[in-house]
Amino acid sequence: MAAEGREVIGKIVRVELTDGRLYVGRLQCVDRAKTLYMSSGCEVVDTEADCYQEYSVFPKKDAERKERYRYKPVGGVIIPAAAFTKIWLDKAITEAIPIETEDDETKKESNEESEKTEQSAEAKA
């Protein structure tokens with residue numbers, strides 16, 4: 001995967017399949033064959049689609065709501081390259097759920113150390 005592609009690993013993505021279905025989940029990795037591996041996946045179900053069927057996974061209280069889209073939890077999702085047409089970063093969700101990486105933690109520690117150094121230098125002056 002290209003260096004610029006690594007920054008989406010661990011982020012929430014939306015994937016449109018060739019048959020029109022849409023999945024949302026946290027991108028875990030992409031292999032050499034460009035197969036997508038996602039965790040915490042949900043199928044986005046369009047209740048106005050011709051092929052829509054009521055699923056038993058939706059609680060009865062959800063059946064009373066008149067929402068166009070519902071999220072059906074499916075867990076881990078593996079999507080081969082030939083099966084998807086589009087993938088995009090879901091910035092609204094990703095920004096709402098910040099993920100700290102090892103690099104972020106290292107930057108925080110470095111910033112904290114430099115702040116302590118600055119404070120001790122000011123105290124001496």
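This short talk walks through the sheet, the core and a few individual residues of the structure shown above.

Before I start, please keep in mind that this is a predicted model, in which local features need pLDDT of at least 70 and side-chain atom pairs count only at pLDDT 80 or more, while totals for chains, interfaces and linings use all residues. Residues are numbered from 1 along each chain as its sequence is written, and side-chain values use heavy atoms, with hydrogens and water left out.

Let me begin with the sheet. Five strands form an open sheet in the order β4-β3-β2-β1-β5, with antiparallel pairing; strands here are DSSP runs of E with at least two residues, numbered from the N terminus, and two strands count as paired if DSSP finds at least two bridges between them. The edges are held by β4, residues 69-79, and β5, residues 84-89, and because each of these has a single partner strand, one side of each is left without a neighbour in the sheet. On average, neighbouring strands are turned by 30° against each other, direction ignored, where the axes are lines fitted to C-alpha atoms and angles run from 0 to 180 degrees between N-to-C directions.

Turning to β1, this strand is joined to β2 by five bridges, the two running antiparallel, and R14 has V24 in β2 as its bridge partner. The hairpin of β1 and β2 has four residues between the strands, and there G20 takes a positive phi near 95°. Five bridges also join β1 to β5, again in the antiparallel sense, with E16 standing opposite K86 in β5.

Next comes the pair of β2, residues 22-30, and β3, which is antiparallel over seven bridges, and in which L22 stands opposite V44 of β3. V45 also lies in β3, which covers residues 36-46, and V45 is buried at a relative accessible area of 6%. Although V45 and Y23 are 22 residues apart along the chain, their C-alpha atoms are separated by 8.9 Å.

Which residues make up the largest nonpolar core? There are 10 residues in all, namely V13, V15, L17, Y23, L27, L36, M38, V77, I79 and F84, a nonpolar core being a set of buried Ala, Val, Leu, Ile, Met, Phe, Trp, Tyr and Cys residues joined through side-chain atoms within 4.5 Å. Each of β1 (12-17), β2, β3 and β4 supplies at least two residues of this core, and the largest share, three residues, comes from β1. Residues up to four places away in sequence not being counted, V77 touches Y23, L36, Y37, M38 and G41, contact meaning heavy atoms within 4.5 Å.

Is T35 buried or exposed? T35, which sits in the loop between β2 and β3, is buried, with a relative accessible area of 12%. Its contacts, leaving aside neighbours within four places in sequence, are C29, V30, I78, I79, P80 and A81. K72, in strand β4, is likewise buried, with a relative accessible area of 16%, and its C-alpha atom is separated by 9.3 Å from that of Y23, 49 residues apart along the chain.

Conventions:
Buried means under 20% relative accessible area, exposed over 50%, partly exposed in between (1.4 Å probe, protein chains only).
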